[in-house]
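Subject: Structure for your review

Dear colleague,

I am passing on the structure below, together with some notes on what was found in it. Please read the notes with the model open beside you.

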Amino acid sequence: MTCPREAVGSTYSYRTVAESGAELGFREVSLDRDLGRLHAWLNSDHVLPYWQQDDPLPVVRDTISERAADEHQTLYVGYRDHVPMSYWESYWAAHDRLADHYDAEPADQGIHLLIGPTEYLGRGYAAPLIRAMVDFQFQHPQTDRIVTEPDARNERAIRAFAAAGFERRGEIEFPDKTAQLMIRERETTAPDE
């Protein structure tokens, strides 16, 4: 799934160094390069309960293609020390179903993410990655809020977003899940910042 070749020639859309000294980066998803990886990650035991996309490879290809073609979002692969280990969807929240559940502003951005390889789980890597993505999203000068809506059962994700400065704003009901609405304002400082 990951190998040293992945570090060679990776063109990042955003790259930073975390307090720990780890290099964090994001690059846009390339279907040719990432399909196998995303299929494996989406079918991982720790991802399935929340993403519910245990689809065969051709269906995942179609799903990722459709998402990548959506002008209201951008898909990224996240790296830690030049190793691909996460998948991100950065989206304009006013064009998402989430907008029906809070007072969405036109420049609000949202985040969906998953950590792929299990060796990156439970090691404190998620919050610094989230902070890096938030910093990337706040480069848009009109964005003053970042939102997310993890599955309310996913306490690990909720804790990581809270550690990155997101505040819980209540649960919301979607047809496929009960979600925890969380918001980070531009002026909010994350606990570890």
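**Notes on the model**

Q52 counts as partly exposed, at 44% relative accessibility, where partly exposed is the class between buried, under 20% relative accessible area, and exposed, over 50% (1.4 Å probe, protein chains only). Please keep in mind that this is a predicted model, in which local features need pLDDT of at least 70 and side-chain atom pairs count only at pLDDT 80 or more, while totals for chains, interfaces and linings use all residues. Residues are numbered from 1 along each chain as its sequence is written, and side-chain values use heavy atoms, with hydrogens and water left out.

**The loop residues**

Q52 lies in the loop between α2 and α3, and although Q52 is not a glycine, its phi is positive, at about 50°. Helices (H or I, at least four residues) and strands (E, at least two) are DSSP runs, numbered from the N terminus. Q53 is found in the loop between α2 and α3 as well, but Q53 is buried, with a relative accessible area of 13%. Leaving out residues up to four places away in sequence, Q53 touches L42, N43, L48 and R67, contact being defined as heavy atoms within 4.5 Å. In the loop between β3 and β4 lies D81, a residue other than glycine with a positive phi near 50°; D81 counts as partly exposed, at 39% relative accessibility.

**The sheet**

In what order do the strands of the open sheet run? The 8 strands follow the order β1-β2-β3-β4-β5-β6-β8-β7, with mixed pairing, and two strands are taken to pair if DSSP finds at least two bridges between them. The edge strands, each of which pairs on one side only, are β1 (14-17) and β7 (167-173). From one strand to the next the twist averages 25°, where axes are lines fitted to C-alpha atoms, for helices over the stretch in contact, and angles run from 0 to 180 degrees between N-to-C directions.

Strand β8 (residues 178-185) is mostly covered, since 7 of its 8 residues are buried. β7 and β8 run antiparallel, joined by 5 bridges, and they form a hairpin with 4 residues between them; the bridge partner of E173 in β8 is T178.

**Helices against the rest**

Helix α1 (residues 31-42) lies across β2 (23-28), β3 (73-80), β4 and β5, and runs at about 90° to β4. In helix α4 is P128, which is buried, with a relative accessible area of 18%. Setting aside its neighbours within four places in sequence, P128 is in contact with A18 and L24. P128 and F161 are 33 residues apart in sequence, and their C-alpha atoms are 9.6 Å apart in space.

**The largest pocket**

The largest pocket holds about 1,100 Å³ of space. A pocket here is an open set of points on a 1 Å grid over the protein atoms alone, where a 1.4 Å probe fits, with protein on both sides within 12 Å along at least five of seven lines; lining residues have an atom within 4 Å of a point. Grid points are joined across faces, edges and corners, and a volume is the space filled by probe spheres set on the points.

Which residues lie nearest the centre of the largest pocket? Of the 45 residues that line it, these are Y50, W51, H112, L113 and L114. At least two lining residues are supplied by each of α2 (48-51), α3 (57-69), β4, β5, α4 (126-137) and α5 (155-163), and α5 gives the largest share, 6 residues. By class, the lining has 20 nonpolar, 12 polar and 13 charged residues, with Ala, Val, Leu, Ile, Met, Phe, Trp, Tyr, Cys and Pro counted as nonpolar, Asp, Glu, Lys and Arg as charged, and the others, Gly among them, as polar.

With best regards
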